[in-house]
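I set out below what I looked up, entry by entry.

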Amino acid sequence: MLTDAERSMLDDVENFQDIEKIHNLFAKMRAEEPVAWCTEKWGRGFWSVSKYDDIQYVSKNPDIFGSAGELGGVTLPDEEDIQRRMEAELGETPERMSAFDGGQSMISLDPPNHTASRRKVAPGFTPQRLDALEDRIAERAKDILDGLEGRSECEFVGSVAAELPIQMLAELFGAKQEDRHKLFEWSNIVIGGDDPEIATSREQVMSAIMEMAGYGFALGEERKQSPGEDLITMLVQPNADGEVMSPQDYISAFVLLVVAGNETTRNSISGGVLALSQFPDQKQKLIDDPALLTSAVTEIIRWVSPVIYMRRTAKQDAEIGGQEIKKGDKVALWYMSGNRDESIYTNPMEFDIARNEARHLSFGYGQHLCIGWRLAEMQLTVLLRQLLQRYPNIKATGEVARMRTNFLNSIKRMQVTY
């Protein structure tokens, strides 16, 4: 059985600085308490779901386990939890953080609203549309790697891992490439609110959200006047029934696309290069046999788990893995744990680029499967192919600095030699 100390570990973001320690905890949970009650310092506690099949079960039953904002959304702290924490830390009741209260994006919606919201941007992620982007991804990857010439080392996240996804995001928005730096900064501050190196105050986080909302609103107004073939146009134009998104929902969708389009791909790229550095035999195996690239990309995303968890809330009394869940209980789906489930994967603690087993959970499952998962895999594939061809000796060196969060497996800085 888990100890009281272990039951509180997942609530403390500092523990996620040591990924090996967290994986050891998840291994114990899968073996002893696959559905475990965990405590929170500022909240009421939550159920941790750590096994692959249970995560899939919850994910594909939105009528029982909801993602809707009015239930609490997809991250563990409730609004009341945040208020209590801020009151304790600041000595006063803070303003609400959202600059667009009342807006909801597809990630925090349940059917049928989720289906309608997802349908707005789905045309931007069809196989035909993404296939047409592959040459542009390759061109941008080449230009980024050209920038490494003449040096023998660099800080990889800022120089490479962050650049490709944020450049592609600006292109998908039809935004100016020089604006990508602002999008990157805003995304980091919004996600890294618990990291004092990224966000020094709550006011800074609120300011970033306001600035991002203002930028997104202006971009939307431009597309209303001059429609294009970009994602922003898809969001602001009326649907088949002539309905348009509310300004609040549009801004929420815009913020989601910025964060999701930047963070997960960047984390997969940087985490993948770190894994290949830690397992040089696997890197050499990939260099010797480029045909393994497809399975290598899938294994990297399983291994890294760029999104650590997603929350659901029980909409009725239910059962998961033999545990009784009460209506209103918070449920954390630990993708990072499901991706190492011993009942699903052979030797899951080994990094194996030739692995051919169950699909990873890193991009979610069921109705909330990440709409941009294929674009993320394409970017990782194209960049990794070029990177290993040009710089086969690339290796992470020194300390790896991770973002202070339990939501994303995000590397802030990583020095590499090549």
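**Entry 1: the second largest pocket**

I find that helix α5 (residues 113–121) supplies the largest share of the lining of the second largest pocket, namely five residues. I take helices (H or I, at least four residues) and strands (E, at least two) as DSSP runs, numbered from the N terminus. The model is predicted, so I note that local features need pLDDT of at least 70 and side-chain atom pairs count only at pLDDT 80 or more, whereas totals for chains, interfaces and linings use all residues. Residues are numbered from 1 along each chain as its sequence is written, and side-chain values use heavy atoms, with hydrogens and water left out.

I record a volume of about 490 Å³ for the second largest pocket. Of its 18 lining residues, A116, S117, K120, N239 and E243 are the closest to the pocket centre. A pocket here is an open set of points on a 1 Å grid over the protein atoms alone, where a 1.4 Å probe fits, with protein on both sides within 12 Å along at least five of seven lines; lining residues have an atom within 4 Å of a point. Grid points are joined across faces, edges and corners, and the volume is the space filled by probe spheres set on the points.

By class, I list seven nonpolar, six polar and five charged residues in this lining. Asp, Glu, Lys and Arg count as charged; Ala, Val, Leu, Ile, Met, Phe, Trp, Tyr, Cys and Pro as nonpolar; the others, Gly among them, as polar.

**Entry 2: S305**

I place S305 in the loop between α14 (293–304) and β5 (309–314). Is S305 buried or exposed? S305 counts as buried because its relative accessibility is 1%; the cut-offs are under 20% relative accessible area for buried and over 50% for exposed, with partly exposed in between (1.4 Å probe, protein chains only).

Leaving out residues up to four places away in sequence, I find that S305 touches Y335, M336, N339, S362 and N409, a contact being heavy atoms within 4.5 Å. S305 and S337 lie 8.8 Å apart, C-alpha to C-alpha, and 32 residues apart in sequence.

**Entry 3: cysteines**

I searched the whole structure for disulfides (cysteine sulfur pairs within 2.5 Å) and found zero. C154 is buried at 2% relative accessibility, while C370 is partly exposed at 24%.

**Entry 4: the whole protein**

I note 16 helices and 10 strands. Buried residues make up 54% of the 418 residues.
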